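Please read them with the coordinates open.

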Amino acid sequence: MINWRNWLDKWGMSELKINAYFLEMKWEPKDGDRDAAWELYAELLTRVTTQALSTEHGDEKAALDSVYSIFPTTREIMKRRGRHAVEFTKIAVVVLNQIIRPFTAKWHKGALAGAFTTPAGCEEFRADLARLQPKLIAYAHMLSDMAGVEDLTELEEPGSGPLPRMIT
């Protein structure tokens with residue numbers, strides 16, 4: 001039997017702060033969870049959340065907005081799928097609150113203060129984004145697993161698509 005603790009360990013996400021009782025519960029996604037996971041997986045694969053952002057291209061504010069958009073996208077999936085996607089919701093809420101929110105909170109405030117108008121601010125943002133991306137790639141792997149689909153995060157040649165798989 002696989003429980004939540006084992007499943008999180010498998011994907012290098014054991015640092016998430018989750019109630020010990022919950023971690024021992026059986027991990028058993030249903031069809032609604034699989035459908036919800038697929039929807040969010042497709043979103044993550046096509047955003048800067050899992051795609052390299054070279055220093056010569058892209059825009060920091062657009063990248064921040066793309067990362068932030070995972071919140072309304074996830075909320076919409078959770079509301080639409082409702083009680084048929086409880087396992088999906090459990091991991092989605094934790095990832096939003098513990099991984100994505102600290103990044104977006106810091107950089108929303110930074111953007112308002114003009115951080116993207118200076119080379120140093122842009123460089124710091126890109127460094128923080130580069131540290132966030134491996135966690136979101138691990139999340140994409142988890143969603144692929146939950147959806148029961150082939151993981152496409154490494155489909156493209158290195159440097160042309162998703163960042164290398166980094167599970168710690």
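1. W107 has a relative accessible area of 3% and is therefore buried, where buried means under 20% relative accessible area, exposed means over 50%, and partly exposed covers the range in between, with a 1.4 Å probe and protein chains only. F116, at 18% relative accessibility, also counts as buried.

2. The model is predicted, so local features need pLDDT of at least 70 and side-chain atom pairs count only at pLDDT 80 or more, whereas totals for chains, interfaces and linings use all residues. Residues are numbered from 1 along each chain as its sequence is written, and side-chain values use heavy atoms, with hydrogens and water left out.

3. A pair of aromatic rings is described by the distance of the centres and the angle of the planes. Rings of Phe, Tyr and Trp (for Trp, its six-membered ring) pair if their centres lie within 6.5 Å, and planes under 30 degrees apart count as stacked, those over 60 as edge-to-face and the rest as tilted. By this rule the count comes to seven aromatic pairs. One of them joins W38 and Y41, whose ring centres are 5.8 Å apart and whose planes meet at 45°, so the pair is tilted. W38 and Y41 both belong to helix α3 (residues 31-45), where they sit three residues apart, about one turn of the helix; helices here are DSSP runs of H or I with at least four residues, numbered from the N terminus. W38 counts as partly exposed because its relative accessibility is 40%, while Y41, at 0%, counts as buried.

4. The rings of W107 and F116 have their centres 5.8 Å apart and their planes at 10°, so this pair is stacked. Ring pairs also tie W107 and F116 into a cluster with F103 and F125.

5. Which residues does E60 touch, leaving aside those up to four places away in sequence? The contacts (heavy atoms within 4.5 Å) are with F116, C122, F125 and R126. E60 itself lies in helix α4 (residues 60-68), and because its relative accessibility is 10% it counts as buried.

6. A search of the whole structure finds 14 salt bridges, each being a side-chain nitrogen of Lys or Arg within 4 Å of a carboxyl oxygen of Asp or Glu. In one of them, the side chains of K30 and E28 meet at 3.5 Å, N to O. K30 counts as partly exposed at 45% relative accessibility, and E28 counts as partly exposed at 38%.

7. Within helix α3, R34 and D31 are three residues apart, about one turn of the helix, and their side chains meet in a salt bridge at 3.9 Å, N to O. R34 is partly exposed, with a relative accessible area of 30%, whereas D31, at 55% relative accessibility, counts as exposed.

8. D128 and R131 form a salt bridge in which the closest N and O atoms are 2.2 Å apart; please look at this pair in the coordinates. Because D128 and R131 are three residues apart in helix α7 (residues 119-147), about one helical turn separates them. D128 counts as buried at 12% relative accessibility, while R131 counts as exposed at 53%.

9. Finally, a network of salt bridges links D35, E39, E76, R80 and R81.

Terms used. Helix = DSSP H or I, 4+ residues; strand = E, 2+ residues; numbered from the N terminus.
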